[in-house]
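Here is a note for a colleague who is opening this entry for the first time. Please keep the view open while reading.

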Protein chains: 2
Amino acid sequence: MSDRRSREVQLRRRPAGAPQPEDFALAEVAVPSPGEGQVLVRNVHLSVDPFMRGLMRDDEDYLLPPFRVGEPLYGGAVGEVVESRVPGLSPGDCVTHMAGFREWSLCGAAEVQPVSPERPLSLYLGALGMTGLTAWAGVLDVAQIRPGETVFVSGAAGAVGSIAGQIARIGGCRVVGSAGSPEKAKWVTEVLRFDHCFDYRSADPGEALSECCPGGIDVYFDNVGGRHLEAAIDHIRPLGRIALCGMVSQYNDATPPPGPSNLFQLITRQVTVAGFTVNNFAHRMERFREDVSAWIEAGLLHSEETILPGIESAAEALIGVLVGRNRGKMLVRVGDDPAVRHDRR
Amino acid sequence: MSDRRSREVQLRRRPAGAPQPEDFALAEVAVPSPGEGQVLVRNVHLSVDPFMRGLMRDDEDYLLPPFRVGEPLYGGAVGEVVESRVPGLSPGDCVTHMAGFREWSLCGAAEVQPVSPERPLSLYLGALGMTGLTAWAGVLDVAQIRPGETVFVSGAAGAVGSIAGQIARIGGCRVVGSAGSPEKAKWVTEVLRFDHCFDYRSADPGEALSECCPGGIDVYFDNVGGRHLEAAIDHIRPLGRIALCGMVSQYNDATPPPGPSNLFQLITRQVTVAGFTVNNFAHRMERFREDVSAWIEAGLLHSEETILPGIESAAEALIGVLVGRNRGKMLVRVGDDPAVRHDRR
């Protein structure tokens, strides 16, 4: 099996500002056979996430170790076990792992999580994966929404935002979103059934919130940071909660911009701002998957994916997810999904 | 009794920047006799608090209604009932109320809280009053300190900070403070027994924290905002908590300065920032007074007061508390304490 070749995405240099295609390289490497305690995975989908921009910096203090120049990126992926030297894992089993951004991944037993092939595998990176868990835990555990509250979600057409807002709607909240184009905003209200969504490129978030939430907001789910966060603090009601999930507006900035000047209102309005990552909610995975699976089956929650074909699209996907080229989850398809043989594009 | 005269502090004009003596006026008014359901209180101490700077602005959206130009200020006070038309309240009873900044106050029955005259009345504005409750609730209910944690308190020589840090120490934490002079910093470590205190006017808070907390901090109790908050976010450890109590560094600013540029670290480190005011902790008053009374009696908690004499000192006190002229609680003494006849200055 050692004549198998895998293409992988490497970091050619650290981006300055917005990543460029030349910051990445596609390389072909030999695929070793799995050693004892390893499995060889044929990847089907790669997860393309805004937080990966942070891994392109030389910052050992970030969530995860930085990518190394001249070496492959890593990231979430889902695929099919082809060879296994792990007891309990057999060829044909499907798994998620973090050794993505290549066509084939060699993984240790502890690095893979089995998933059921009864659903399209892409779901395990999106609505039923880390993305969905981030949204679910952020809305329910962090922001602790209550029925009747008004919830504002920025990046509402994005991977996490699109699910977070729908969960708030299912939870009985009035849900307002912001998105990066009039088309996206329309889609957010029509397909995701948010109560309202504005295009933040044509309307100032503060003015838009004044208009659509004259009584203020109870919860802000922040994927964007910057002006969105400042506007949300201006409009948040006493005892409001802000779940800080991402700040995509500044991921490409060499130095982060100053923060909101209205933080004092957090005191007078007794607001809690909770930064969180999905890492602390692994213990909630089972309950989360029960909830979201049921909502998808009941037609309550729409799962959207933007899928680019082939690993040669990876750089385009990485660049695009930072400027909102995706609607819903951004994925790169690098192989056929064994669960959905009919779904080839 | 209607020939009784009371001096009161009026707002002559709204301050621009730091308040000036000319922003206030002392006026003498007749003291009416109490009507049905009212008591007449001879005030002993007035509470001088940084948050009152916000009441000098024309801002209906602040914690409490703004002071009105040409009318008396209001604020916390403690005194002795002289005449009563309230069942259950008799002359000689001692009460706290919010109708201060005058020598005599006419209060409705619901506006006064009886206190025991067994202790110096000033304590009911400081360590056993709203100040102490703010510190106690902020450290225990909001920041939820745990033994062994490192707690950073800014404004450590101030009214709330001096008590907050001591409560964290009593709770088994390593406590680091910042104060506005070398003398204060020395006093904070020697008398309040913080583990460390730096003078933020001679040392950058970020550099000082790097030096005295190389392993980072678990909790930040913020009385100051600005550079202190940014430095605390830079040094906070994963799952840290920030209790936002005040931002005295910007109270005199006409427009608030930009906020910290490092808010993204709240996400990667999963930090919770909770703005709070004492208003939401009234239900904790009894338990708070039990705790703090016991700590004072056991010699574990030192209560410090800076007392200016006479209502003619009120403007000086209001100006001074915003630039740290006080050590511990800032008070204006406007009458003799019936509880401490020997303690006249």
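1. **Ground rules.** This is a predicted model, in which local features need pLDDT of at least 70 and side-chain atom pairs count only at pLDDT 80 or more, while totals for chains, interfaces and linings use all residues. Residues are numbered from 1 along each chain as its sequence is written, and chains are lettered from A and ligands numbered from 1 in the order in which they are written.

2. **The interface between chains.** Contact involves 28 residues of chain B and 28 residues of chain A. Two residues are in contact if their C-beta atoms, placed from the backbone, lie within 7 Å. On the chain B side, α7 (264-268) and β13 (272-275) each supply at least two residues. Helices (H or I, at least four residues) and strands (E, at least two) are DSSP runs, numbered from the N terminus. The chain B side holds 17 nonpolar, 10 polar and 1 charged. Here Ala, Val, Leu, Ile, Met, Phe, Trp, Tyr, Cys and Pro count as nonpolar, Asp, Glu, Lys and Arg as charged, and the others, Gly among them, as polar.

3. **Strand meets strand.** β13 of chain A (residues 272-275) and β13(B) run antiparallel, joined by 3 bridges. Val273(A) stands opposite Val273(B). Strands pair if DSSP finds at least two bridges between them.

4. **One sheet, two chains.** What is the order of the 12 strands in the open sheet? The order is β10(A)-β9(A)-β8(A)-β11(A)-β12(A)-β13(A)-β13(B)-β12(B)-β11(B)-β8(B)-β9(B)-β10(B), with mixed pairing. β10 (196-199) of chain A and β10 (196-199) of chain B stand at the edges, each with a single partner strand, so one side of each has no neighbour in the sheet. From one strand to the next, the twist averages 15 degrees.

5. **Inside the sheet.** In chain B, β8 (residues 150-153) pairs with β11 (residues 217-222) in the parallel sense over 3 bridges. Phe152(B) stands opposite Tyr220(B) in β11(B).

6. **Helix against helix.** The axes of α2 (residues 130-142) and α8 (residues 285-297) of chain A come within 10 Å and cross at roughly 95 degrees. Axes are lines fitted to C-alpha atoms, for helices over the stretch in contact, and angles run from 0 to 180 degrees between N-to-C directions. α2(A) and α8(A) are therefore roughly perpendicular. Gly132(A), Leu133(A) and Trp136(A) in α2(A) meet Met285(A), Phe288(A), Asp291(A) and Val292(A) in α8(A).

7. **Domains of chain A.** The assignment gives domain 1 (5-126 + 304-333) and domain 2 (130-279). Such bounds come from an automatic or database domain assignment. The C-alpha centres of the two domains lie 28 Å apart. In contact are 19 residues of domain 1 and 16 residues of domain 2.

Key
Angles under 35 degrees count as roughly parallel, over 145 as roughly antiparallel, 65 to 115 as roughly perpendicular and the rest as oblique.
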